[in-house]
Number of protein chains: 2
Amino acid sequence: MQDVYAVIMAGGSGTRFWPLSRRAWPKQFLSLAEQNESLLQATVRRIRGLVPSERILVVTSERHSEATRQQLPELPPENVLAEPAARNTAPCVAWAAAHVSARSPSAVMMVLPADPHIGDEAAYRELLMRSAAAAENGGLVTIGVTPTRPETGYGYIECGAELSAGVFKVHRFVEKPNLERAQEFVRDERFLWNSGMFFFRADKVLEEYEQHLPDLHAFASEYSKESGRSNRQGAQKLVTERYAGLTSVSIDHGIMERARDVRVVPGQFGWYDIGSWTTAWELAAKDEQGNAVLAEASLVDANNCYVRAKPGKLVALIGVDDLVVVDTEDALLIMPRERAQDVRRVVDDLSQRDAKKYL
Amino acid sequence: MQDVYAVIMAGGSGTRFWPLSRRAWPKQFLSLAEQNESLLQATVRRIRGLVPSERILVVTSERHSEATRQQLPELPPENVLAEPAARNTAPCVAWAAAHVSARSPSAVMMVLPADPHIGDEAAYRELLMRSAAAAENGGLVTIGVTPTRPETGYGYIECGAELSAGVFKVHRFVEKPNLERAQEFVRDERFLWNSGMFFFRADKVLEEYEQHLPDLHAFASEYSKESGRSNRQGAQKLVTERYAGLTSVSIDHGIMERARDVRVVPGQFGWYDIGSWTTAWELAAKDEQGNAVLAEASLVDANNCYVRAKPGKLVALIGVDDLVVVDTEDALLIMPRERAQDVRRVVDDLSQRDAKKYL
């Protein structure tokens, strides 16, 4: 197979993991499932061996670029692309495509979010390579995960005809469904979870940008030109001046849903979008009472709780069930697991009053 | 009225207020109801004006004597009697009686616990003076609190005949009742809560010790003799050598329940035995949702919670009711209010394993 580049999208702000995630320290820097590596580090580790470090790009915000380089010392520093403004994923992919295009126009890009959990890494790697191969001839490819439960928090993909072994036409992308629809989707083999992992040749995806998002294509072309003649200053100037003004749209809505030739490779590899403290509890090792305890603790009649605190802090729970308890140096969160989506309400509350130091 | 001494019993270990109370910092040093003074300081403040500082004695453990002196700088340091061992309240009162007896044998002693909350301080002070006056002629006097609810956590006193205006004979002391009995007691005017506040002349209570607890009487007599001739070293030597060997029994069981002439002065003065975090919540100021918040907090759908943390720490609660949350530098407690009695189970757990630093 020809050149493969990996593009890791690490632009998360991570309010859903407050108080562990902060503005200055978002979700991708946290260890939420594994103990000794962050989500971002795990994502890079999993593709090591498939893609050499020089061809792994990480797109993140300017504010987090230093920490990103520190977490990934094996990457050339210039492979961390620092966005001057958050413009959703379409500009981020356009920039990465321009970067790749300047080096190897027909290289295949694997675009991967920084933060999923992967339970079966061997199956995952095999699927990455198959999907990258499926993109070699020019289509846009995505990985669809076989649903195991009626999840209402994910988008779905409806498959069409099988084009080649294990590669299907995408019939359509489906927004997050209600429970009834999600239950239908689990029973119906045609529906897959949208994993947010995409595979395409740089030149081919840039053609799609030209058609569907021309301002992003113009930016990418200019960047590719400057970058191709090693004019780093000129390329950087372009980003500084133009990036914040680019159309803010997701790669899903802006490109994948509009392109004609989109394909999906279905698979199952223990994929989890770690979207909230509830998922963190689901993934964590638990004691016999269902407690996931990442702290020194004394538990009396406590069941199915998620407890996390810094070393040297003792957490005592008496007679509580299904609680999430996350304690940090300066902030403590306590809520039932089922309220995990409401963490943003605390973050909103703190934003609106004079308590930004806790964000 | 002749000389009145106050004896404040401050021997508590206070496991029920863990993690705020610690072995080195027990309940009486905490601010649980008032914001700016500890329970001990409030107890002393309330009797200021009734009893001069030179005649206020505090009996506490050796380990807490320094902190006690620091909390009460207005007291002569020698008025803090430091027990070398915890022997319950009868030895503590015997020692204090010997101390008083050496100075003024027929002085009246008010014996007061260090830790109740008093809602109506004017009524309380009036009652203290009436009770002290009732003890002048030689009887043992206690204050009985008119019950306002069927409390099963307190002992009760059954009144007999009225001996003089507002002073009744004690018919008997009653142990903590079950709920059914407690409900009867609330309806029956003869029953009062045992406040643990006692009034008697030093010489008269020492006569009772001679009869009922002769070893404590012998100790008190020797101490009084040494102390009376200003032989502080001799008196201290006696305490060091003998105190740990004295009969360990409460003043209630050892003296009050056995003495013949015991009287009770009924009253109502917003008395609360702050026995647990539940009581602390009951006494605290609350917001419209019933939350008592002694911390910087962000509350989303939280009701009837007690939240306490150190300055600079933010506590966020989402969707929880009736929780006690007490956060300190190195320990965090979370439990439903109704489980407050089980804090000792955490303390026991920590004692039994290698976690004593949290006690």
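This is a predicted model: local features need pLDDT of at least 70, side-chain atom pairs count only at pLDDT 80 or more; totals for chains, interfaces and linings use all residues.
I'll start with chain A by itself. Chain A has eleven helices and 17 strands. Its radius of gyration is 21 Å, close to the 21 Å that the globule rule gives for 359 residues, so chain A is as compact as a globular protein of that length. Along the principal axes, the C-alpha atoms of chain A fill a box of roughly 65 × 50 × 40 Å. Of the 359 residues, 47% count as buried. If you take the contacts in chain A between residues at least 6 apart in sequence, 64% of them join residues at least 24 apart.

Next, how the two chains are arranged. Chain B is superposed on chain A by a rotation of 180° with 0.0 Å of shift along the axis, and the RMSD is 0.0 Å. The two copies are thus related as by a two-fold rotation axis. At the interface, 29 residues of chain B are in contact with 29 residues of chain A. On the chain B side, the elements that give two or more residues are strands E13, E15, E16 and E17 together with helix H11. E17(B) supplies the largest share, six residues. By class, that side of chain B has 19 nonpolar, three polar and seven charged residues. Of the interface residues of chain B, 100% are also interface residues in chain A, so the copies meet through the same surface.

Now to the sheet. Which strands form it, and in what order? Six strands make an open sheet, running E13(A)-E15(A)-E17(B)-E16(B)-E14(B)-E12(B), with mixed pairing.

As a reminder, strands of a sheet pair through backbone hydrogen bonds, either parallel or antiparallel. The step from one chain to the other is E15(A), residues 314–318, which is joined to E17(B) by four bridges, with the strands running parallel. If you want one position to look at, A:Val315 stands opposite B:Leu332. Further along, within chain B, E14(B) and E16(B) are parallel and joined by three bridges. There, B:Tyr306 has B:Val324 as its bridge partner. Helix H11(B) lies across E13 and E15 of chain A together with E17 of chain B, and runs at about 135° to E13(A).

Let me go back to chain A for strand E16, residues 323–327. Is this strand covered or open? It is mostly covered, with five of its five residues buried. On one side the buried residues are A:Leu323, A:Val325 and A:Asp327, and on the other they are A:Val324 and A:Val326. E16(A) is joined to E14(A), residues 306–308, by three bridges in parallel, and A:Val307 has A:Val325 as its bridge partner. E16(A) is also joined to E17(A), residues 331–336, by five bridges, this time antiparallel. In that pairing A:Val324 stands opposite A:Met335. A hairpin of three residues connects E16(A) to E17(A).

Helix H1(A), residues 39–47, is the next stop. Its buried residues are A:Leu39, A:Leu40, A:Ala42, A:Thr43, A:Val44 and A:Ile47. They pack against strands E1, E2 and E4 and helices H2 and H4 of chain A. After H1(A) comes A:Gly49, with a positive phi near 100°.

Last, some backbone details. The peptide bond from A:Trp18 to A:Pro19 is cis, with omega near 5°, and A:Pro19 sits in the loop between E1 and H1 of chain A. In chain B, the bond from B:Trp18 to B:Pro19 is likewise cis, with omega near 5°.

A:Asn88 has a phi of about 65° and lies in the loop between E3 and H3. A:Asn88 is partly exposed, with 17 other C-beta atoms within 10 Å. A:Asp301 has a phi near 50° and lies in the loop between E13 and E14. A:Asp301 is partly exposed as well, with 15 other C-beta atoms within 10 Å.

Conventions:
Residues are numbered from 1 along each chain as its sequence is written. Chains are lettered from A and ligands numbered from 1 in the order in which they are written. Two residues are in contact if their C-beta atoms, placed from the backbone, lie within 7 Å. Ala, Val, Leu, Ile, Met, Phe, Trp, Tyr, Cys and Pro count as nonpolar, Asp, Glu, Lys and Arg as charged, and the others, Gly among them, as polar. Two strands pair if DSSP finds at least two bridges between them. The radius of gyration is taken over C-alpha atoms; the globule rule is 2.2 Å times the number of residues to the power 0.38. A residue is buried if 20 or more other C-beta atoms lie within 10 Å of its own, exposed if 12 or fewer, and partly exposed in between; C-beta atoms are placed from the backbone. Copies are superposed by least squares on the C-alpha atoms of residues with pLDDT of at least 70 in both. Axes are lines fitted to C-alpha atoms, for helices over the stretch in contact, and angles run from 0 to 180 degrees between N-to-C directions.
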